[in-house]
Amino acid sequence: MIFIWFIYAAWMLLIVYLTVQAIGVKRDTEPHLLQSFGLMFAMIAAFLLPRVQLFAFVNFAPVNAVLSSVGVVLAVAGMFLLVWARQTLGRNWSQTVSAKQDHELVTSGPYRRLRHPMYTGGLLACIGSAIVVGGPFVFLLLLLGAIFIWRVGAEDRLLARQFPDEFPGYARRTNALIPFVW
């Protein structure tokens with residue numbers, strides 16, 4: 001049970017961190033309210049769907065301490081990568097896929113190897129959390145996974161338009177989401 005509480009506490013801390021860090025970021029060049037609502041809807045749905053009887057089978061938590069420990073390590077590693085990537089982006093971060101005022105192409109820190117390390121970290125954190133808690137994190141993994149895969153393509157197209165001279169070379173020398181794979 002301690003593993004489950006740890007996962008929820010870690011996610012709450014991550015949400016608080018991301019909320020506080022959103023203060024003072026560069027302004028988007030245009031509003032993207034639909035994207036924000038889509039992300040919020042996905043997170044709410046992920047925590048409601050396990051309560052539907054049809055999906056009750058995903059409400060599990062392993063009783064094996066070794067498996068739970070592996071899940072916690074994956075979740076913490078994913079959150080660490082997400083926070084590192086967020087810190088590296090600085091004021092260039094956006095909750096949505098959007099161009100920023102005075103946008104900069106960030107290629108340092110985890111962005112040296114991955115174009116979208118925040119998504120990689122988020123997915124890794126969801127996988128670890130799903131191992132420990134099941135239920136809502138299984139759905140969070142599925143829903144955010146779909147959103148993140150869409151965003152990888154959308155952000156790559158945006159960055160190619162914003163940085164036509166720099167982005168093609170950067171895209172060739174980095175992977176999008178999974179190191180050494182894609």
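Is Ile178 buried, partly exposed or exposed? Select Ile178 in the segment after helix H6 (167–173), and you will find a residue that is partly exposed, with a relative accessible area of 41%. Here buried means under 20% relative accessible area and exposed over 50%, with partly exposed in between, using a 1.4 Å probe and protein chains only.

Before going further, keep in mind that this is a predicted model, in which local features need pLDDT of at least 70 and side-chain atom pairs count only at pLDDT 80 or more, while totals for chains, interfaces and linings use all residues. Residues are numbered from 1 along each chain as its sequence is written, and side-chain values use heavy atoms, with hydrogens and water left out.

**The whole chain**

Show the protein chain as a cartoon, and follow six helices and zero strands, in the pattern α-α-α-α-α-α when read along the sequence. Helices (H or I, at least four residues) and strands (E, at least two) are DSSP runs, numbered from the N terminus. Of the 182 residues of the protein chain, 44% count as buried. Among contacts (heavy atoms within 4.5 Å) between residues at least 6 apart in sequence, 83% join residues at least 24 apart.

**The surface patch**

**The salt bridge**

Next, select Arg115 and Asp156, whose side chains meet in a salt bridge at 3.1 Å, N to O. A salt bridge is a side-chain nitrogen of Lys or Arg within 4 Å of a carboxyl oxygen of Asp or Glu, and a search of the whole structure finds one. Arg115 lies in the loop between helix H3 (65–89) and helix H4 (117–132), while Asp156 lies in helix H5 (residues 135–162), so the pair ties together parts that are 41 residues apart in sequence. Arg115 counts as buried at 12% relative accessibility, and Asp156 counts as buried at 14%. Leaving aside neighbours within four places in sequence, Asp156 is in contact with Arg115, His116, Arg151 and Phe167.

**The nonpolar core**

Now hide the surface and look inside, at the largest nonpolar core. A nonpolar core is a set of buried Ala, Val, Leu, Ile, Met, Phe, Trp, Tyr and Cys residues joined through side-chain atoms within 4.5 Å. Of the 39 residues in this core, Ile7, Trp11, Tyr111, Met118, Phe137 and Leu140 touch the most other members. Helix H1 (2–21), helix H2 (33–48), H3, H4, H5 and H6 each supply at least two residues of the core, and its largest share, eight residues, comes from H5. In soluble globular proteins, nonpolar side chains tend to be buried together.

Select Met118 and display what surrounds it: not counting residues up to four places away in sequence, Met118 touches Leu18, Leu82, Ala85, Arg86, Leu89, Trp93 and Tyr111. Then move to Tyr8, Trp11 and Phe137, which form one aromatic cluster. Rings of Phe, Tyr and Trp (its six-membered ring) pair if their centres lie within 6.5 Å, and by this rule the count comes to five aromatic pairs.

Which residues is Leu89 in contact with, leaving aside its neighbours within four places in sequence? Select Leu89 in helix H3, where it counts as buried at 16% relative accessibility, and you will find Val106, Tyr111 and Met118 in contact with Leu89. The C-alpha atoms of Leu89 and Tyr111, 22 residues apart along the chain, are separated by 8.9 Å, and those of Val106 and Leu89, 17 residues apart along the chain, by 6.4 Å.

Val106 lies in the loop between H3 and H4 and is buried, with a relative accessible area of 13%. Leaving aside neighbours within four places in sequence, the contacts of Val106 are Thr88, Leu89, Asn92, Tyr111 and Tyr170. End at His103, which lies in the loop between H3 and H4 and is buried, with a relative accessible area of 17%; by the rule that leaves aside neighbours within four places in sequence, His103 is in contact with Asn92, Ser98, Leu159, Gln162 and Phe163.

Terms used. Phe/Tyr/Trp six-rings, centres within 6.5 Å; stacked < 30°, edge-to-face > 60°.
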